[in-house]
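Subject: Structure handover

Hello,

Here is the structure for your files. My notes on the pocket and the aromatic contacts follow below it.

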Amino acid sequence: MSWATRARTRAGASGILAVAGLLWAARSLVDPLHPEGAIGGPLLVLSALLWRLLGGRDPKLYTIAAILSVAYGLAASIGLDFRADSRSYFMYLSSLSFDRDLDFRNDRDALTGSPTFNPEEARRNVFSIGPAVLWSPFYAVAHGYVVLESKLGCGAHAADGYSVPYRRATALGTVTVVVMGAILLASTLIAFFGPRIASLSILGAIFASPVLYYSFYLPSMAHGVAFGVASALLWAWNRARCDPSLGAWIVLGGTLGLLMLCRWQGAVYGILVLVLAVEGFRRQAVRPTWVLAAAAAAVLSFSPQAIVWKLQFDRWLVVPQGRGFLDSSSPSWARTLFSANHGFFNWTPLMLAGFIGLVLGVRKNPLLCGAGLLVFGATVWVNGSVPVYDFAAGDAFGARRYCLVVPLVALGLGYAIEAYCVVSRRAPLLAPAVAVALASFWNLGFVSQFRARKYREMAPLERVARDQARSLRLAAQDVLGWLAGERGRAFAYDMFSAEYFYTSFNRHGRIDLRSADETFLIRGWHTPSRRTSRRPFRRALYPEACVRIPLFEPFPLRITVTARAPQGLDHQSMSVAMNGNPVTAASLNNQWREVRFVVPEEHVVPGENALCLGFTNALPEDNGRRVAAHVERIQLP
C-alpha cells in the first residue's frame, strides 16, 4: 500500500471517527436514556482531532466538531429545564409539524397536562417563531430517531411530537447555533486581537453572561439562539465592510432578518447595518442596489413572523403582548442595567467591563464600536420600556433580554483585555496594588463587623460575606444619598438589593417577629420566644427597636403592630417613627394589643425605610439587655 493510499485511509478513518463521536454526543443530548455519549462522544472526536494533527493535516473542521461534541456532552450532563416560556416557543414545532395549523390550544393542553383556562387566548402565541425555524431540522432528526427506535423494537418514547427527544431537540439546536455563532464571532475578533485575546473574550462572553444559562440549562427559549445569530451578524457585518459585495450584503441583510425573527427586539441591530451603509456610500464602496438587496433579504427572512402575526392578529406588524406593553419613556432603563433585580451589570459584572471596553474601543475602531454603542443604547431603551412589573423578565436568570448584545460585549472585552495588557507592561504593580486594596477594604469591613460584636468565636465565611455586602450597600446608600438625596439612596438600594414588599420577597407585607428570620431586623431586638409559647413573639429592647420596610415607591401605609408589655412591667409607652419622623404613640399593658396607625406618604421613601418603636420603660437589665416589649407581628396593608 502506497504512502498516499495509507494517508487517505487514515484521513477517512479519522473522519468516520469524528462523525461517529459527534452523533453519539448528539444522541446523549436528545435522549437522556443514553447518557454515555456525553463523555464517549467528545472522546471519539478529540481522538480524531489528535489523529488529524499528528498527520499534519488541516484540523479546522475537526476542531469545530470537537467543540460541538464537547458542548453537546456538557448540555447532556446538565439537568435541562423545560419551563417558563419554553412551551410557547416549542409549540410552533409540534403544531405545524403534526397539526398543520397555528391553533395552539391542544399543544398547550398536552404540554401542561391540563386544560387551558382561556381557550381563546391559548389559541394564539405571542412569542417569536424564529427559534422554532432554527430548531426544525433538529426536531425532524429527533422524530426520525424516535420512529427508528420504535421500528427496531427498542423505543421508549412516544412519536407524538411532545416526548422528551422532541423537547430536547431544541437544546441540540440551540447549542449548535450558539457554538457556530461563537466560532464566526471568534474569527472576527481574531482579526482584531489575535487568537488568545479573542478566545478569552468569547469564553468570558458566554460563561460570564446569561448566555450560559440559556444555552445549556434552559436552551428551549430564544435567548441562546439570539446570541448565536447576533454573533453571526457581527461576522457578516465585518465581512461586508472588509470585502463589500452584493453577496456579502445579502448575507448581512438575511442575518438581520433572522435575528429579528428570533427576537423582534433585534431590529436595533439595523443601526449597525445603516451606519455601515452610510460609511460605504461615503467611501463609494457600496452600491445602493446592494443595500436594497440586503433590505429585501431581511424582509424575506422576517416574513414567517409577519405571516404568523397576520394570521393570528390580522396585522403584518404588531406588538403581540398588546399596545400598552411598551412605554416610550423607558422608565426602567437604569434598573435593567444596575438593579440587583436582574440588572445586567449586577448579575454578570464582567459585562460592565465589556461595556467599558466597547467605549475604549471607539478610538481604535470608531465605526464598529461607535455603532455598537448605539445598538447597546437602543437595547437598553427597549428593555426599559417594558412595564415596571416585568422589566426584570420574571424569574429569569440574569438580564436575559440582553443576550442580544453579548456579542458586542465580547468585542468590548477584547478591547478591555488589550488595554490591560498595555497598561500592565507600563505598570506591572497595578494588579497587585488592586488586589492589596481590595483585601484591605475587606479587612476594614471585617474589623467593623467584629467591633459590632457579630462574631464572638467563629466567623463563618458566608456570614462574613453577607455582612460585608450589607455594609457596602449601606455605605453606598449614604454616599449616593448625600449626592442625590432620597433618589440616590433608592438607586443604591435597588442596585445592591432590590428586595421589596409586595413582590415575591414579601407578598403579604407582613413582618412576623415570632419567627427566627432576622431579614427585616435593623437593631434593638432580642431572641424570639420559645416555640412552645401559646403566642410566640420577639423581645424588643429598650430604648428603641427598628425594622426595615423596603418599598419600590412611597404611598400611605396603614400599619398594625401587635404587641404587649412584658410580665413584670405593668405599663409601657410606645412611640412609632418612620425614618425619624414621629407618627403616633400608644400605651401597652400585659394583654396583646393591636396598635393601628397610618404613616403619611411624605414620611415614606423609595427603597429602604426604617420603622422604629421607641419605649419609655424596660425590665431590669439582664445580661446587658433590657427588654421593653413583646412584639408578635407588624402588618402592612
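A residue counts as buried under 20% relative accessible area, as exposed over 50%, and as partly exposed in between, with a 1.4 Å probe and protein chains only. The model is predicted, so local features need pLDDT of at least 70 and side-chain atom pairs count only at pLDDT 80 or more, while totals for chains, interfaces and linings use all residues. Residues are numbered from 1 along each chain as its sequence is written, and side-chain values use heavy atoms, with hydrogens and water left out.

Aromatic pairs

The whole structure holds 29 aromatic pairs. Rings of Phe, Tyr and Trp (its six-membered ring) pair if their centres lie within 6.5 Å; planes under 30 degrees apart are stacked, over 60 edge-to-face, and the rest tilted. Phe98 and Tyr166 are an edge-to-face pair, 6.1 Å centre to centre with 80 degrees between the planes. Phe98 belongs to helix 4 (residues 86-99) and Tyr166 to helix 8 (residues 164-193), so this pair ties together parts 68 residues apart in sequence. Helices here are DSSP runs (H or I, at least four residues), as are strands (E, at least two), numbered from the N terminus. Phe98 is partly exposed at 33% relative accessible area, whereas Tyr166 is buried at 0%.

Phe192 and Phe193 also make an edge-to-face pair, because their ring centres are 6.0 Å apart and their planes lie at 75 degrees. Phe192 is partly exposed, at 26%; Phe193 is buried, at 11%. Elsewhere, ring pairs join Phe338, Phe344, Phe345, Phe355, Phe376, Tyr402 and Phe491 into a cluster.

Charges over rings

For a charge to sit over a ring, NZ of Lys or CZ of Arg must be within 6 Å of the ring centre and within 35 degrees of the ring normal. Arg167 lies over the face of Phe82, 5.5 Å from the ring centre. Arg626 has its charged end over the ring of Tyr542, at 5.0 Å from the centre.

The largest pocket

The largest pocket has about 1,500 Å³ of space. Of its 40 lining residues, Lys454, Arg470, Glu518, Leu521 and Ile522 are the closest to the centre. (A pocket is an open set of points on a 1 Å grid over the protein atoms alone, where a 1.4 Å probe fits, with protein on both sides within 12 Å along at least five of seven lines; lining residues have an atom within 4 Å of a point.) Helix 21 gives the most to the lining, with 13 residues.

Regards

Definitions and conventions: Grid points are joined across faces, edges and corners, and a volume is the space filled by probe spheres set on the points.
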